[in-house]
Amino acid sequence: MPNPLYDALIGPHSTSDAVFLHLACGSDVSFRAFADMAGRMAAALAAAGLAKGDRVAVQVEKSAPALAVYAACVQRGLVFLPLNTAYTGAELTYFMTDSGARALICDAAAAPALAPVAAQTPATLMSMAADGTLDTGAPAPPCPDKVIDCSPDDLAAILYTSGTTGRSKGAMLTHRNLLSNAQSLCDIWEITDADRLLHALPIFHTHGLFVAINTSLLAGASVIFLPRLDMDDLIRWLPHATTMMGVPTFYTRMLADPRVTHDLVAHMRLFISGSAPLLAQTHADFLDRTGHLILERYGMTETNMITSNPLRGDRVAGSVGLPLPGVEVRITEPATADTPPTIVADGQTGMIELRGPNVFAGYWNMPEKTAEELRPDGWFLTGDLGCIDARGYLHIVGRAKDLIITGGYNVYPKEIELMLDALAEVVESAIVGLPHPDLGEAVVAFVVPQPHHPPDEAGLLERISPQLARFKHPRAVIFVAELPRNVMGKVQKAQLRTDYAEHFAD
Ligand code: ATP
Ligand code: MG
């Protein structure tokens, strides 16, 4: 009876006593114990009447049982739908209603607060005890449950996008999508059962869940499973790890801590970064401090991972690397699914499109949006802008929605951000287009200044202006203590646009 994900990720290790999860408290969970816990949950979900294809929303803190719910859903052919733990009442109601979830699984402690939310949706609230016991409201089943047949095209998960450019969309991911990506990543990053992955990411995003967990399960690798990035925990556990996956803010925080030394991480095999752009300065400083070149890769909820710098070849700072095996990437202009694509020349900037077994099955409940972004021949328009250099490495230039059109000219924010970020007086910057009565949009620089020698606006502009065409000159510099970021470290430009919408108002 085939079930592609179960057969590759869970079944092969279900009798292994090797450690799957090292928990921060010091206790371990073996692969066998994990599979058993998932099997009991699968039985409880079946006894509660959930059937193949039903969506199971899950809003729980990071824990071993939280991962076992994912495995249980895979086992039963249920569609796993993880939700950000920060979502509250109205947001939860939206995701539950939009997805038509039949169950909402939460931690026992959160159940009283979530009961009124679940009551407004078709979902049954189920609470999960710390040992993984599910209270579904139905009588407890006698024994672990069987594995349900699934085809490679059956849905395994719906993952909502981060909502950086608008309302989050539910990306439908199939067994084929997730498995092909895990296989490619294990191949190119040479993940084996000798690896111990340091995991401090949330598990409701593609990065912390599929990239990190599916690859570890597939390879039989152990995971050091930390609730969040806590520097004391990190210092304690890094000596036991062989690999780490993080977002750029992890690496800046590590650099801010003098305990992160060459000796502490000399034994490590690989540091990986993704989900947001890694500053060239962070890349260089990390190499300088630790002797490790961070490997940057690029992906998104709809497609899992798309490109990666090579493990053994040149890792190019500022590039997200080469397409994964089986994934095609091209740069096109113009950029809609209705217009035939024109492939731009090497080095030219355009829309990043890709095709491959990792590309999702469409957005849940959004056929029009799906048609806008998925061409009939399988090419997906990512909404990101980029270029491919002569060696085939992809460089991300930014998001199409962040492109600024000022007085009829196109301005790519990243070009200016890179110049500002290179200045000693600047910690980091974000270039944003704000509404302007004459120009349509005006180029504005949000700058986090270095506390020790803070810059002034005129001085900054004087330094960068000679290298930029006049229309690209920022019309204003706004100094901020920090840039707004979400939990994955992505800068929230939409929030800056909203907060400062009146800046140039008459
Ligand atoms: P939404 O689609 O709802 O607006 P989102 O695009 O931020 O939100 P995700 O799918 O979590 O949601 O993020 C994918 C995006 O993150 C990519 O499209 C890209 O813009 C950005 N990204 C991921 N990795 C990198 C990277 N290494 N460098 C630059 N950007 C990256
Ligand atoms: Mg997106």
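Analyst: A pocket and a ligand shell

The second largest pocket holds about 510 Å³ of space, a volume filled by probe spheres set on grid points joined across faces, edges and corners. The model is predicted, so local features need pLDDT of at least 70 and side-chain atom pairs pLDDT 80 or more, while totals for chains, interfaces and linings use all residues, and side-chain values use heavy atoms, without hydrogens and water. Residues are numbered from 1 along each chain as written, with chains lettered from A and ligands numbered from 1 in written order.

A pocket is an open set of points on a 1 Å grid over the protein atoms alone, where a 1.4 Å probe fits with protein on both sides within 12 Å along at least five of seven lines, and lining residues have an atom within 4 Å of a point. Here 23 residues form the lining, and A200, P202, P227, R228 and L229 lie nearest the centre of the pocket. By class, 16 of the lining residues are nonpolar, three are polar and four are charged. Helix α9 (residues 248-255) contributes most to this lining, with three residues.

The domain assignment divides the protein into domain 1 (4-8 + 31-150), domain 2 (180-355 + 368-397) and domain 3 (403-499). Domain 1 and domain 2 each supply at least three residues to the lining of the second largest pocket, whereas the C-alpha centres of domain 1 and domain 3 are 43 Å apart.

Turning to ligand 1, 20 residues surround it, and S162, T164, T165, T301 and D384 are the closest; a residue counts if one of its heavy atoms lies within 4 Å. The shell divides into six nonpolar, eight polar and six charged residues, and β14 gives the largest share, five residues. An N or O atom in the side chain of S162 is 2.6 Å from an oxygen atom of ligand 1, a backbone N or O atom of G163 also lies 2.6 Å from an oxygen atom of ligand 1, and a polar side-chain atom of K490 lies 2.7 Å from an oxygen atom of ligand 1.

Methods. Helices (H or I, at least four residues) and strands (E, at least two) are DSSP runs, numbered from the N terminus. Ala, Val, Leu, Ile, Met, Phe, Trp, Tyr, Cys and Pro count as nonpolar, Asp, Glu, Lys and Arg as charged, and the others, Gly among them, as polar. Domain bounds come from an automatic or database domain assignment. A polar contact is a pair of N or O atoms within 3.5 Å; within protein, one must be able to donate a hydrogen and the other to accept it, and residues adjacent in sequence count only if both atoms are side-chain atoms.
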